[in-house]
Amino acid sequence: MSNKRVAGTIMLNLQDGTKKFLVHPTEDQAEFIVTEVSEEMTGLASILQFFKEHIQLDVTSISLVELTNAHSETEDLPLFVFEMEEGTAAGLASDTYIWESPSSLKNLLSTYDMAGMPMF
């Protein structure tokens with residue numbers, strides 16, 4: 001069984017030109033959405049499947065805009081960054097997944113050694 005994991009977030013393009021990012025809140029701070037890579041799927045397919053099953057997201061409404069590697073003390077995570085428009089995001093946020101500001105995402109990114117800084 002594979003124990004490889006992948007991470008992802010969705011960048012929401014708001015109508016006023018600002019952006020928000022979908023993350024998983026914890027007691028300490030927000031975290032990227034993380035899932036195990038299925039043995040039958042690629043990392044990309046695994047994160048998309050997670051979005052479909054756990055967030056009830058129509059994955060045809062998002063586009064992949066960035067792929068990088070996030071390195072922490074304990075693991076290396078491929079990080080997929082998707083984007084979507086504000087009008088298609090109704091109902092995605094919950095207690096489990098919330099939209100955070102770019103400054104919160106910068107704090108989250110600072111906890112990782114990034115293989116290439118995401119460009120957004």
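At 60% relative accessibility, Q56 counts as exposed. Here exposed means over 50% relative accessible area, buried under 20%, and partly exposed in between, with a 1.4 Å probe and protein chains only. Q56 sits in the loop between α1 and β5. Its phi is positive, about 55°, although Q56 is not a glycine. Most residues other than glycine have a negative phi.

This is a predicted model, in which local features need pLDDT of at least 70 and side-chain atom pairs count only at pLDDT 80 or more, while totals for chains, interfaces and linings use all residues. Residues are numbered from 1 along each chain as its sequence is written, and side-chain values use heavy atoms, with hydrogens and water left out.

## Overall layout

The protein has two helices and eight strands. Helices (H or I, at least four residues) and strands (E, at least two) are DSSP runs, numbered from the N terminus. In order from the N terminus, the elements read β-β-β-β-α-β-β-β-α-β.

Of the 120 residues in the protein, 37% are buried. The accessible surface is about 6900 Å², and carbon and sulfur atoms account for 48% of that surface. These areas come from the Shrake-Rupley method with a 1.4 Å probe; for residues, only the protein chains shown count as cover.

Contact means heavy atoms within 4.5 Å. Among contacts between residues at least 6 apart in sequence, 65% join residues at least 24 apart.

Helix α1 has 12 residues. From first C-alpha to last it reaches 16 Å, close to the 16 Å expected at 1.5 Å a residue. The expected span is 1.5 Å times one less than the number of residues.

In α1, the buried residues are G43, S46, I47, F50 and F51. Seen down the axis of α1, they fall within an arc of 140°, so they line one face of the helix. The arc is that of the directions from the helix axis to the C-beta atoms. This buried set packs against β1, β4 (33-36) and β6.

S46 is one of these residues, with a relative accessible area of 4%. Beyond residues up to four places away in sequence, S46 touches T35, E36, V37, S38 and M41.

In helix α2 (residues 102-109), L105, L108 and L109 are buried. Down the axis of α2, the buried residues fall within an arc of 95°, so they too line one face of the helix. The face turned away from that buried side carries the exposed residues K106 and N107.

## Nonpolar cores

In soluble globular proteins, nonpolar side chains tend to be buried together. A nonpolar core is a set of buried Ala, Val, Leu, Ile, Met, Phe, Trp, Tyr and Cys residues joined through side-chain atoms within 4.5 Å.

The largest core holds 19 residues, of which I10, F51 and M84 touch the most other members. The elements that give two or more residues to this core are β1, α1 (43-54) and β6. Setting aside neighbours within four places in sequence, F51 is in contact with G8, T9, I10, I33, Q56, L57, V59, I62 and F82. A second, separate core of 12 residues includes A7, L77, L79 and V81.

P78 lies in strand β6. At 13% relative accessibility, P78 counts as buried. Apart from neighbours within four places in sequence, P78 is in contact with K4, R5, V6, A7, L67, T68 and N69.

The structure holds one salt bridge. The term means a side-chain nitrogen of Lys or Arg within 4 Å of a carboxyl oxygen of Asp or Glu. The side chains of E75 and R5 form it, at 2.5 Å, N to O. E75 lies in the loop between β5 (63-71) and β6 (76-85) and R5 in strand β1 (residues 5-13), so the pair ties together parts that are 70 residues apart in sequence. E75 is partly exposed at 23% relative accessibility, and R5 is partly exposed at 28%.

T88 lies in the loop between β6 and β7 (98-100). At 43% relative accessibility, T88 counts as partly exposed.

| Pair | Separation in sequence | C-alpha to C-alpha distance |
|---|---|---|
| T88 and I62 | 26 residues | 9.0 Å |
| P78 and G43 | 35 residues | 7.8 Å |
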